[in-house]
Amino acid sequence: MINTNAFDYINVLQKTADAAWIRNDVISNNIANATTPGYKRQDVAFEDELANALGRSRYKSMDDKVADLKINRLRPRTYTDSANFSYRVDGNNVDIETENVTLAANQLKYNGLIDCLDQEFKNLRMVMK
C-alpha cells in the first residue's frame, strides 16, 4: 500500500463538515424548543478543539500539523450552554433571533466546507490525469 498524505486535508474538512452538520441539528432542536419551559439551549464544541490540536506544534508548517493530527481523537461534543442562565420566567434560555442567525451562519460554514471538499477532490482528479 502506498503511504500518502493526499487525504489529510480532506479528512480534516470532512470531520469539520460533520461537526457543522451536528451543530445544524442542535440549533434546529433549540429553535423547536424555544417555547418549551425549562429547556436550555445546546451547542457543539469542535472548532476550539481543532485549533488546539493544530496549535500544539508552533514551528511546523500547516501541512505537517495536519499530517500529524490525530483525526480520530477529534469529536464534536454537544453541551448545554449557559445552563444556569435564563432571562425568562419559564426557565428557558433560547433566544429565537440568535438561534436563527447562528443557524444561517452555520449553514454558510457548512456550504463552504463542502465547496472546499469538492475542490480537493477536483485537485486529486486533475493530478491523476
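This is a predicted model: local features need pLDDT of at least 70, side-chain atom pairs count only at pLDDT 80 or more; totals for chains, interfaces and linings use all residues.

User: Which residues are joined with them into one network?

Analyst: Through salt bridges that share partners, Arg23, Asp43, Glu47 and Lys109 are joined into one network. Within that group, Asp43 forms a salt bridge with Arg23, and their closest N and O atoms are 3.2 Å apart. Since Asp43 sits in strand E1 (residues 42-45) and Arg23 in helix H1, the pair ties together parts 20 residues apart in sequence.

User: And what about cover there, are Asp43 and Arg23 buried or exposed?

Analyst: Asp43 counts as buried because its relative accessibility is 15%, which is under the 20% cut-off. Arg23 is buried too, with a relative accessible area of 8%.

User: How many salt bridges are there in the whole structure?

Analyst: A search of the whole structure finds seven salt bridges. One of them pairs Arg41 with Asp81, where the closest N and O atoms are 2.7 Å apart. That pair links distant parts of the chain, 40 residues apart, with Arg41 in the loop between H1 and E1 and Asp81 in the loop between strand E2 (77-80) and helix H4 (96-128). Arg41 counts as buried at 10% relative accessibility, whereas Asp81 is partly exposed, with a relative accessible area of 23%.

User: Switching to H2 itself, which of its residues are buried?

Analyst: In helix H2, which covers residues 47-55, the buried residues are Leu50, Ala53 and Leu54. Looking down the axis of H2, these buried residues fall within an arc of 95°, so they line one face of the helix.

User: Why would residues at that sort of spacing point the same way?

Analyst: An α-helix has 3.6 residues a turn, so residues three or four places apart point the same way.

User: What covers the buried residues of H2?

Analyst: The cover for the buried residues of H2 includes helix H1 (8-32) and helix H3 (62-68).

User: Zooming out, what does the secondary structure come to, and in what order do the elements run?

Analyst: The protein has four helices and two strands, and from the N terminus on its elements run α-β-α-α-β-α. The radius of gyration is 18 Å, well over the 14 Å that the globule rule gives for 129 residues, so the protein is more spread out than a compact globule. Along the principal axes, the C-alpha trace spans about 60 × 30 × 25 Å.

User: What share of the residues counts as buried, and what does the accessible surface come to?

Analyst: Of the 129 residues, 29% count as buried. The accessible surface comes to about 8,700 Å², and carbon and sulfur atoms account for 54% of that surface.

User: Last one: among contacts between residues at least 6 apart in sequence, what share joins residues at least 24 apart?

Analyst: For contacts in the protein between residues at least 6 apart in sequence, 77% join residues at least 24 apart.

Notes:
Residues are numbered from 1 along each chain as its sequence is written. Side-chain values use heavy atoms; hydrogens and water are left out. Buried means under 20% relative accessible area, exposed over 50%, partly exposed in between (1.4 Å probe, protein chains only). The arc is that of the directions from the helix axis to the C-beta atoms. Contact means heavy atoms within 4.5 Å. A salt bridge is a side-chain nitrogen of Lys or Arg within 4 Å of a carboxyl oxygen of Asp or Glu. The radius of gyration is taken over C-alpha atoms; the globule rule is 2.2 Å times the number of residues to the power 0.38. Accessible areas come from the Shrake-Rupley method with a 1.4 Å probe; for residues, only the protein chains shown count as cover.
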